[in-house]
Amino acid sequence: MGEAERGESAPRLRISFWCSNGHETQPSFASDAQVPDTWDCPRCGFPAGQDPENPPDPPRTEPYKTHLAYVRERRSDADGEAILAEALAKLRGEI
(Lines give C-alpha, C1' and ligand atoms only; values in the text may rest on other atoms or scores of the structure.)
Protein backbone atom coordinates (compact mmCIF):
# COMPACT_ATOMS: atom_id res chain seq x y z
CA MET A 1 0.00 0.00 0.00
CA GLY A 2 1.48 3.33 -1.00
CA GLU A 3 1.56 6.47 1.11
CA ALA A 4 -1.12 8.13 -0.99
CA GLU A 5 -3.48 5.23 -0.27
CA ARG A 6 -2.88 5.37 3.51
CA GLY A 7 -3.73 9.02 3.91
CA GLU A 8 -1.65 11.78 5.39
CA SER A 9 1.18 10.96 7.76
CA ALA A 10 1.35 12.45 11.24
CA PRO A 11 3.40 15.63 11.62
CA ARG A 12 6.97 14.84 12.64
CA LEU A 13 9.80 16.54 14.54
CA ARG A 14 13.48 15.74 14.04
CA ILE A 15 15.40 16.11 17.30
CA SER A 16 19.21 16.10 17.46
CA PHE A 17 21.01 14.00 20.06
CA TRP A 18 24.80 13.97 20.68
CA CYS A 19 26.87 11.28 22.40
CA SER A 20 30.20 11.73 24.21
CA ASN A 21 32.07 10.72 21.02
CA GLY A 22 30.55 13.70 19.17
CA HIS A 23 28.21 11.65 16.99
CA GLU A 24 24.92 13.31 16.10
CA THR A 25 21.75 11.38 15.45
CA GLN A 26 18.39 12.84 14.45
CA PRO A 27 15.49 10.48 15.08
CA SER A 28 12.05 11.71 14.15
CA PHE A 29 9.15 11.78 16.59
CA ALA A 30 5.47 12.49 16.19
CA SER A 31 4.87 16.13 17.05
CA ASP A 32 2.59 15.17 19.95
CA ALA A 33 4.93 12.44 21.33
CA GLN A 34 7.01 12.87 24.47
CA VAL A 35 10.69 13.18 23.49
CA PRO A 36 13.03 11.12 25.71
CA ASP A 37 15.93 12.76 27.57
CA THR A 38 18.48 10.31 26.16
CA TRP A 39 18.75 8.23 23.00
CA ASP A 40 21.20 5.42 22.19
CA CYS A 41 23.76 6.44 19.59
CA PRO A 42 23.43 4.11 16.57
CA ARG A 43 27.16 4.43 15.78
CA CYS A 44 28.79 3.65 19.14
CA GLY A 45 25.93 2.63 21.44
CA PHE A 46 26.66 5.29 24.08
CA PRO A 47 23.78 7.34 25.48
CA ALA A 48 23.18 10.63 23.66
CA GLY A 49 21.54 13.80 24.97
CA GLN A 50 20.09 16.93 23.42
CA ASP A 51 22.86 19.26 24.69
CA PRO A 52 25.89 19.01 22.36
CA GLU A 53 28.14 20.75 24.94
CA ASN A 54 27.25 18.33 27.79
CA PRO A 55 26.48 14.87 26.41
CA PRO A 56 25.74 12.08 28.92
CA ASP A 57 28.72 10.14 30.24
CA PRO A 58 29.27 6.68 28.76
CA PRO A 59 28.24 3.83 31.06
CA ARG A 60 30.95 2.55 33.36
CA THR A 61 31.59 -1.12 32.74
CA GLU A 62 33.20 -3.34 35.31
CA PRO A 63 35.70 -5.88 34.01
CA TYR A 64 34.80 -9.55 34.28
CA LYS A 65 35.89 -11.05 37.60
CA THR A 66 36.59 -14.70 38.22
CA HIS A 67 35.43 -16.56 41.30
CA LEU A 68 38.99 -16.43 42.62
CA ALA A 69 39.04 -12.63 42.29
CA TYR A 70 35.90 -12.36 44.42
CA VAL A 71 37.40 -14.71 47.03
CA ARG A 72 40.57 -12.63 47.17
CA GLU A 73 38.47 -9.52 47.85
CA ARG A 74 36.84 -11.18 50.87
CA ARG A 75 39.86 -13.04 52.33
CA SER A 76 43.30 -11.94 53.40
CA ASP A 77 46.44 -13.95 52.66
CA ALA A 78 46.51 -15.13 56.29
CA ASP A 79 42.92 -16.39 55.98
CA GLY A 80 43.85 -18.25 52.80
CA GLU A 81 46.83 -19.90 54.46
CA ALA A 82 44.69 -21.03 57.43
CA ILE A 83 41.99 -22.49 55.14
CA LEU A 84 44.60 -24.26 53.02
CA ALA A 85 46.31 -25.72 56.09
CA GLU A 86 42.98 -27.00 57.41
CA ALA A 87 42.07 -28.58 54.05
CA LEU A 88 45.48 -30.27 53.79
CA ALA A 89 45.18 -31.59 57.33
CA LYS A 90 41.79 -33.13 56.47
CA LEU A 91 43.22 -34.75 53.36
CA ARG A 92 46.11 -36.23 55.35
CA GLY A 93 43.71 -37.56 57.96
CA GLU A 94 45.14 -35.44 60.75
CA ILE A 95 41.75 -34.01 61.63
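Me: In which helix do Lys90 and Glu86 lie, and how many residues apart are they?
Reply: Both lie in helix α3, residues 77-92. They are four residues apart, about one turn of the helix. A helix here is a DSSP run of H or I, at least four residues, numbered from the N terminus. This is a predicted model: local features need pLDDT of at least 70, side-chain atom pairs count only at pLDDT 80 or more, and totals for chains, interfaces and linings use all residues. Residues are numbered from 1 along each chain as its sequence is written, and side-chain values use heavy atoms, without hydrogens and water.

Me: What do the side chains of Lys90 and Glu86 form?
Reply: Side chains of opposite charge can pair when their charged atoms come close. Lys90 and Glu86 meet in a salt bridge, 3.7 Å from N to O (a side-chain nitrogen of Lys or Arg within 4 Å of a carboxyl oxygen of Asp or Glu).

Me: Is Lys90 buried or exposed?
Reply: Lys90 is at 52% relative accessibility, so it counts as exposed. Glu86, at 43%, counts as partly exposed. The cut-offs are under 20% relative accessible area for buried, over 50% for exposed, and in between for partly exposed (1.4 Å probe, protein chains only).

Me: How many salt bridges does the structure hold?
Reply: Three. One of them joins Lys65 and Glu73, 2.5 Å from N to O. Lys65 counts as partly exposed because its relative accessibility is 29%. Glu73 counts as exposed, at 52%. Glu62 also bridges to Arg60, with the closest N and O atoms 2.7 Å apart. Both Glu62 and Arg60 are exposed.

Me: Which residues make up the largest nonpolar core?
Reply: In soluble globular proteins, nonpolar side chains tend to be buried together. The core here has six residues: Ile15, Phe17, Cys19, Phe29, Cys41 and Ala48.

Key. Core = buried A, V, L, I, M, F, W, Y, C linked by side-chain atoms within 4.5 Å. Helix = DSSP H or I, 4+ residues; strand = E, 2+ residues; numbered from the N terminus.
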